[in-house]
Amino acid sequence: MDREQALEIVEKKIKGPRFQHTLGVVETAIMLSEKYGADKEQAEIAAIFHDYAKLMPISELRDTIIEAKEDERLLLYHPELWHGPAAAYILKNKLSLENEDILNAIRFHTTGRANMSLLEKIIYLADYIEPGRNFPGVEETRELAKNDLNQAVLKAISNTISFLLAKKAAIFPDTFDAYNSFVLNKDSKTTLT
Ligand code: DGI
Ligand code: FE
Ligand code: FE
């Protein structure tokens, strides 16, 4: 599938501001791939599809998580966490997207997880810093993204955890696992890419 086909499929599912956000993530993911040596085509496809399921009704997202045998703990947490895993399943089964790294970058783009791949980090970070984002802390994260991918992703995850704590929102374990994984590995950056 090429860029134009992928964009056409996604635009039908997520028109308007959400599609503009997606274009921002695509542009940022390509820029980060060039900087950190990831496969640009893979980053582009993952970015285009990352919010594919964002506007699906909650009941459909729930059914998809169950049918997909995705992590059922998700169902105990906020429905905002369901669109990544649901999209990964639909893309694999209905749109024949087979690359597991691309699917995981989409699956984990909201929570992160321990030991994220280079592509997973790039999509997580691109989603956080794309030009349309303007929440507190984003500028600092953009600065870190210019020369340290791991520090930038750690910052984005830390900010998200702080934001959720302030709201007294539940925090999914993968989000903490992502945070711990970056903090525990901070002295061995070579193993983190
Ligand atoms: O889909 P987007 O809006 O582009 O971005 P996203 O997929 O990163 O979703 C962001 C939302 O998800 C944001 O409101 C914070 C929330 N979120 C991220 N991690 C967690 C979480 N919400 C809960 N309850 N628990 C988490 O661990
Ligand atoms: Fe999302
Ligand atoms: Fe997004």
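T175 is found in helix α10, where helices (H or I, at least four residues) and strands (E, at least two) are DSSP runs numbered from the N terminus. At 5% relative accessibility, T175 counts as buried, a label that means under 20% relative accessible area, with exposed meaning over 50% and partly exposed anything in between (1.4 Å probe, protein chains only). From T175 to K54 there are 121 residues along the chain, and their C-alpha atoms are separated by 19 Å.

Before going further, a word on what you're looking at. This is a predicted model, in which local features need pLDDT of at least 70 and side-chain atom pairs count only at pLDDT 80 or more, while totals for chains, interfaces and linings use all residues. Residues are numbered from 1 along each chain as its sequence is written, chains are lettered from A and ligands numbered from 1 in the order in which they are written, and side-chain values use heavy atoms, with hydrogens and water left out.

Now to the ligand. Ligand 1 sits in the largest pocket. Here a pocket is worked out on a 1 Å grid over the protein atoms alone, as an open set of points with protein on both sides within 12 Å along at least five of seven lines; a cavity, by contrast, is a set of points where a 1.4 Å probe fits but cannot get out, and lining residues have an atom within 4 Å of a point. A molecule sits in one of these if more than half of its atoms lie within 2 Å of its grid points. Two elements give two or more residues to the shell around ligand 1, namely α2 (17–36) and α9 (149–166).

Who is in that shell? There are 18 residues around ligand 1, and R18, K54, T110, R133 and F172 come nearest; a residue is near a molecule if one of its heavy atoms lies within 4 Å of it. Sorted by class, the shell has five nonpolar, seven polar and six charged residues. For that sorting, Ala, Val, Leu, Ile, Met, Phe, Trp, Tyr, Cys and Pro count as nonpolar, Asp, Glu, Lys and Arg as charged, and the others, Gly among them, as polar.

Zoom in on the polar contacts, meaning pairs of N or O atoms within 3.5 Å (within protein, one must be able to donate a hydrogen and the other to accept it, and residues adjacent in sequence count only if both atoms are side-chain atoms). T110 brings a polar side-chain atom to 2.6 Å from an oxygen atom of ligand 1.

T110 lies in the loop between α6 (100–107) and α7 (118–129), and with a relative accessible area of 23% T110 is partly exposed. P85 is 25 residues away along the chain, and the C-alpha atoms of T110 and P85 are separated by 9.3 Å.

Q20 and G132 are 112 residues apart in sequence, yet 8.1 Å apart in space, C-alpha to C-alpha.

Over in helix α8 (residues 138–145) you'll find R142. This arginine counts as buried, at 18% relative accessibility, and its side chain reaches the backbone oxygen of E130 at 3.1 Å.

K69, in the loop between α4 (58–67) and α5 (83–94), has a phi near 55°, a positive value in a residue other than glycine. K168, in the loop between α9 and α10 (173–184), has a positive phi of about 55°. K69 is exposed at 72% relative accessible area, and K168 counts as exposed at 79%.
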